[in-house]
Amino acid sequence: MDDVAIDRTLAACEQELQAGGTPDLRAVGFWRAVAAVKRNRELVDRYAMRIAAIDRQTFRRRVRLTFPVGLGIVLVIGGLLIDLLLLVIAIPVAHPWREILVLVGAVGLDVATHGIAHLAVGALVGIDFSDWFIDLPKKPQPGFKIDYASYLRAAPRQRAWMHAAGAIATKLTPFLVIPYAIAIGTETWAVLVLLALGVIQIVTDLLFSVKASDWKKFRREMRLARARG
């Protein structure tokens with residue numbers, strides 16, 4: 001896609017947004033234009049702000065439950081602290097409530113660390129986030145919306161590892177909780193549930209995420225990084 005086609009595609013999206021519509025970004029060729037821009041630093045400088053504005057407006061019209069990113073950060077960190085507190089509270093509690101508290105805390109950490117990992121790596125490489133959202137019923141797990149201008153300005157490898165960070169954190173969490181659970185005397189069945197959670201997430205990633213989620217985006221950006229040399 002050349003400069004003229006990119007301009008034409010972005011203009012079509014902008015016109016539909018100005019008219020009050022919600023463009024089908026894939027159908028109109030927006031993501032093909034984005035892919036073309038990614039391959040040329042000069043085009044990134046020229047189009048990053050327009051692409052980000054189109055992406056953000058379309059997202060906010062499509063996803064109803066969007067909130068300020070600051071609120072999302074507060075809630076996610078608050079949830080993380082509560083989950084850690086549940087693990088601590090579980091120590092003196094009698095069975096089976098000890099196991100229930102450990103499992104609830106572990107699942108909560110699994111959710112919280114995903115978003116926090118994206119935020120942390122994004123902050124390290126200069127990628128910002130514009131919204132915190134819940135895309136029901138398609139994506140019930142809360143997430144952070146990337147600011148596409150900062151995303152495009154980051155190097156492909158940086159973008160790749162930002163995507164991978166959430167997936168890695170989620171997969172590690174159950175295995176990190178297992179030694180703690182054993183140390184506080186959690187019964188074997190609960191430890192096996194944690195182990196199963198970790199294994200199921202890894203298998204799910206291998207079967208699905210490489211085709212439709214974080215690992216798909218990781219592979220896409222790494223291919224671009226290798227192509228750039």
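## Two helices side by side

Helix 1 and helix 4 are roughly parallel to each other, a description that rests on the angle between their axes, because angles under 35 degrees count as roughly parallel. In this predicted model, the axes of helix 1 (residues 3–18) and helix 4 (residues 41–62) come within 10 Å and cross at roughly 30 degrees. The crossing in which helix 1 passes helix 4 is left-handed.

On the side of helix 1, the contact is made by Asp 3, Ile 6, Asp 7, Leu 10, Ala 11, Cys 13, Glu 14, Glu 16 and Leu 17, while helix 4 contributes residues that include Leu 43, Tyr 47, Ile 51 and Arg 61.

Three strands form an open sheet in the order 1-2-3, and their pairing is antiparallel. Strand 1 and strand 3 are the edge strands, since each of them pairs on one side only. On average, and with direction ignored, neighbouring strands of this sheet are turned by 25 degrees against each other.

Strand 1 (residues 65–68) is joined to strand 2 over four bridges in the antiparallel sense; along this pairing, Thr 66 stands opposite Phe 133 of strand 2, and Phe 67 has Trp 132 of strand 2 as its bridge partner. Strand 2 and strand 3 (residues 139–146) pair over five bridges, also in the antiparallel sense, and here Asp 131 stands opposite Lys 145 in strand 3. Strand 2 and strand 3 form a hairpin, with three residues between them. Strand 2 itself (residues 129–135) is mostly covered, for seven of its seven residues are buried.

When residues up to four places away in sequence are not counted, Arg 62 touches Asp 135 and Lys 138. Arg 62 and Asp 135 are 73 residues apart in sequence, yet from C-alpha to C-alpha they are 8.9 Å apart in space.

How values were computed
Residues are numbered from 1 along each chain as its sequence is written. This is a predicted model: local features need pLDDT of at least 70, side-chain atom pairs count only at pLDDT 80 or more; totals for chains, interfaces and linings use all residues. Side-chain values use heavy atoms; hydrogens and water are left out. Buried means under 20% relative accessible area, exposed over 50%, partly exposed in between (1.4 Å probe, protein chains only). Two strands pair if DSSP finds at least two bridges between them. Axes are lines fitted to C-alpha atoms, for helices over the stretch in contact, and angles run from 0 to 180 degrees between N-to-C directions. Angles under 35 degrees count as roughly parallel, over 145 as roughly antiparallel, 65 to 115 as roughly perpendicular and the rest as oblique. A crossing is left-handed if the near helix is turned anticlockwise from the far one by less than a right angle, and right-handed if clockwise. Contact means heavy atoms within 4.5 Å.
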